[in-house]
Amino acid sequence: MASDGFLQPKCAKWRLCCGLRWQVLIFIPYFSHIVSGQIRYSIPEEMKKGSFIGNVAQDLGLDLKRLRAGRARIVTGESIQYTELKTDKGVLVVSERIDREQLCGDVTPCSFSFEIILENPIELHRVTVEILDVNDHAPLFKNNHSTFEISESVALGSRFVLESAEDPDVGVNGLQDYVFTPNDHFVLKQHSNADGSKYAEMVLQKPLDREERPRLSLKLIAVDGGNPQRSGTVNIEITVLDANDNAPVFNQSVYRATVMENAQKGTYIATVNASDADSFSNGLLTYSFSNLKGNLADLFDIDRTTGKISVAGQIDFEKDKKYEIRVEAKDQGGLTDIGKVVIEIVDINDNAPVINVMSFSSPVSEDAPPGTTVAVINVKDADSERNGQVSCSVDKTLPFQIKSSLTYYYNLITDSGFDREKMAEYNITITARDSGSPPLSSVRTIHLRISDVNDNAPLFDKGTYSAYVTENNSPGMSIFTVSARDSDWNQNARISYLLEDTQISGTPVSTYISINSETGVLHAVRSFDYEQIKQLTLMVKAQDGGSPPLSSNVSVNIFIQDQNDNAPQVLYPVQTSSSLVAEMVPRSADVGYLVTKVVAVDVDSGQNAWLSYKLQKATDRALFEVGLQNGEIRTVRQVTDKDAVKQRLTVVVEDNGQPSRSATVNVNVAVADSFPEVLSEFTDFTHDKEYNDNLTFYLVLALAVVSFLFITFLVVIISVKIYRWRQSRVLYHSNLPVIPYYPPRYADTLGTGTLQHVYNYEVCRTTDSRKSDCKFVRPCSQNVLIMDPSSTGTMQRMQSENNILDEPDSPLEQKPPNADWRFTQGQRPGPSGAGGPPEMAMGTGPWPNPPTEAEQLQALMAAANEVSEATATLGPGTMGLSTRYSPQFTLQHVPDYRQNVYIPGSTATLTSNPQQQQQQQQMLMQQQMAAQQQALQAQPSEASAQPEPPKAAQTPASKKKSTKKEKK
């Protein structure tokens, strides 16, 4: 190993079957932090994409794993990347089409360089690829035709410069030879320029004779030396002129000039001058550029008359530093001379340094040691000499510095340690300045982030937390939120909350409380009961997500607040369903006598357990009172003999919660002096409790049923009334007599009785009259009327049981008969001698006044024929019945025995309802008024007399007597 630290260069050559050649040159210098090397390959141009160039890993002595781990990559800067590095195989392949002529032009050898960078540790290797020329271009003339005008007097040996062909290829593939068409006058001579290019001249070897041959047509062929050989052709047309025997001659063979780069258009460069010994028109010369290469025609311009050369385009020193131009001077006879102009470009500081970041490691761990390489920077300046000398620097206040590694390369390294919690990121501004006059500079800012290291534990806001929750909460309810913060970042600052494994009263704390690991929200696992547990103490652990994780603990006290969720409980008196407990108060008890004391407790606390006692209801409110605070039941006044023995007090015990809760207790008090007196009165007390329990349900059900029946009943009654009113109006306006109709089973009261004994009443009574049953067996037909006197026995038996029904608590208690349900003795079917009360004698009863004899006679005479026809169709029983009553006593005058039930031996007659009676009374009153008007018309002499007071309504027996009088 050499003493300067470089390895001895190694060369390797490979030769393929296609004749191509690879060359590898390796230079590996060693530095303190950067390992570098250099290799060189040679490949032909126009290779296909993916073609193999060389084995970089083998040539550099690198392992494939090192290439992948170091993220080996190619850095070309702003140039086109023609190659690609296959890190899995360690080989270099072609990635883009390589055209040597486009890449280098006529410069040989042609090559391009790039760098291969590896990281961890950083290694930098330079690779140079030489592009070998391939014969892919044929020689080419700019013009397909070339015209010459040559005087016939031109001397032998005169030279005529021919147009040169251009072949972009180089070496043997470039232009090698010119071939001229054989002729008698001209021969071809070839010459080489200083740059190696060739041009041809046409030399006259035999005088021209315009009269013999005024025009000549020749061909010039340019060929290269490639395999296969390529060629280009130009046609030469020669016009023979009259004599011009002197050719132009430049006064200098070479002209030299300089021009500053970026010179403006029109800037003067130089002037060429040639002379011609001929005179007049043959001595007039014109100047032009000959065989300009590439874009030279766009950069320079020449005055055809004066030969002045000036700037025509943008000149850039960085592209070309010197230009060689051939200038042709031509007279009117076609004679020419060639001169050379060499133009050198003077560099100016017109390019600022260019900063390229080759490698950048971000983020950098905050525990990175000083001297860590952060970035590799490449700085280039296209200018030359001092204008291209560059220096780099960074802000001295930042913990970074820049050190030079290779040519044009700098390393950005750390100068001290980092603390991400103080400074999480850096904006590093790199300044590159050249040495030109005036100097140019450029800046590049890179953003470096510092990665976090878990060096901070989570911290809670408080040392201890306290939370309050009301009992009877719903499971899963949010109680409280604990919060911790971690000054680290990302995963190291991601805090998880955990409950420490502690126990409360021997039970794991997790059965009471749960915590959201992300938000720190404490949730109740169960519903708390203040009466069972009043406080929970638990430890919450905050742990970050670092590796290893850091944590801290905090104590949380959860206090259960009482809620009025328990109603007062009555301890005394004890309420049982099997036995009855009663307090005895002697009748000699004075005012303030302590009857008993209601004792109750409330398991709640605070004001929820403050109890107050109130008397809700009592048999006699004026006799007892309850102490508001102590629940003592005392007498308010002196007990008297009139006070009932049974006294029931309902006491409400209410707490002071919001909302308040209460309990009710029934206190049975016996006002008596002896126990046997009390025992007989309290036999049915046990039934009252069950009755009161079901009372509300029965009341609601009864209200709904009664409402429905009432609405149905109203609809039916209205319909019946409308129907009967229409029927009565039809019968009232009819002139035909109405034959009374009686029910099929109707019989006279004096008859033998044809009705069945079907009305039976069965009454079942128990000591609890509220639970008694009363059964009514209805007849098969509702039109059956009991008229048999033997049925009175049943009614007597029922009347004999009235002493049982007389109990005040019985729902079947018999009330006095309603006056609307009675028929007077004169209205009921019965003996003819039966009389009625005075109000019936005055015509105030439901029956109309009996018709007079004149009215009856008139009605019989008007309907004699109809009656005879109607009676012929009736049976004997019906006929006998019809002869007892006046024909005017129609069906409207007869009570509806299908709806009214007359019980023999009783003063009460049951009817359907009072509304039907009222309707019948109205119809009877209308008929009575019509009968009175007919009587007034039949007896005009009695019109002025006072009307007789209305007589009592006739019974069926009285009607028999009136019928006998009419017959007489």
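A pocket, on a 1 Å grid over the protein atoms alone, is an open set of points where a 1.4 Å probe fits, with protein on both sides within 12 Å along at least five of seven lines, and lining residues have an atom within 4 Å of a point. The model is predicted, so that local features need pLDDT of at least 70 and side-chain atom pairs count only at pLDDT 80 or more, whereas totals for chains, interfaces and linings use all residues. Residues are numbered from 1 along each chain as its sequence is written, and side-chain values use heavy atoms, with hydrogens and water left out.

**View 1. The second largest pocket and its lining.** About 1,600 Å³ of space lies in this pocket, a volume being the space filled by probe spheres set on grid points that are joined across faces, edges and corners. Its lining comprises 44 residues, and Asp106, Asp195, Ser197, Lys293 and Gly294 are those nearest the centre. Helix H3 (100–104), strand E12 (175–180), helix H4 (296–299) and strand E24 (322–331) each supply at least two lining residues, where helices (H or I, at least four residues) and strands (E, at least two) are DSSP runs numbered from the N terminus. The most is given by E24, with five residues.

**View 2. A nonpolar patch on the surface.** Phe697, Tyr698, Leu701, Val705, Phe708 and Leu709 form this patch and together have about 650 Å² of accessible area, as computed by the Shrake-Rupley method with a 1.4 Å probe. Patch residues have over 30% relative accessible area and no salt bridge, and nonpolar side chains (Val, Leu, Ile, Met, Phe, Trp, Tyr) are joined within 5 Å; a salt bridge is a side-chain nitrogen of Lys or Arg within 4 Å of a carboxyl oxygen of Asp or Glu. Tyr698 lies in helix H6 (residues 685–732).

**View 3. Two cis peptide bonds in loops.** Asn120 and Pro121 are joined by a cis peptide bond with omega of about -5°, and Pro121 is found in the loop between strand E8 (110–118) and strand E9 (123–132). The bond from Ser547 to Pro548 is also cis, with omega near 0°, and Pro548 is found in the loop between strand E43 (535–543) and strand E44 (551–561).

**View 4. Positive phi at Glu385 and Asn472.** Glu385, although not a glycine, has a positive phi of about 50°, and is found in the loop between strand E28 (373–380) and strand E29 (390–394). Asn472, not a glycine either, has a positive phi of about 65° and lies in the loop between strand E35 (464–470) and strand E36 (478–481).

Note on methods: Patch = residues over 30% accessible without salt bridge, like charges linked within 9 Å, V, L, I, M, F, W, Y side chains within 5 Å.
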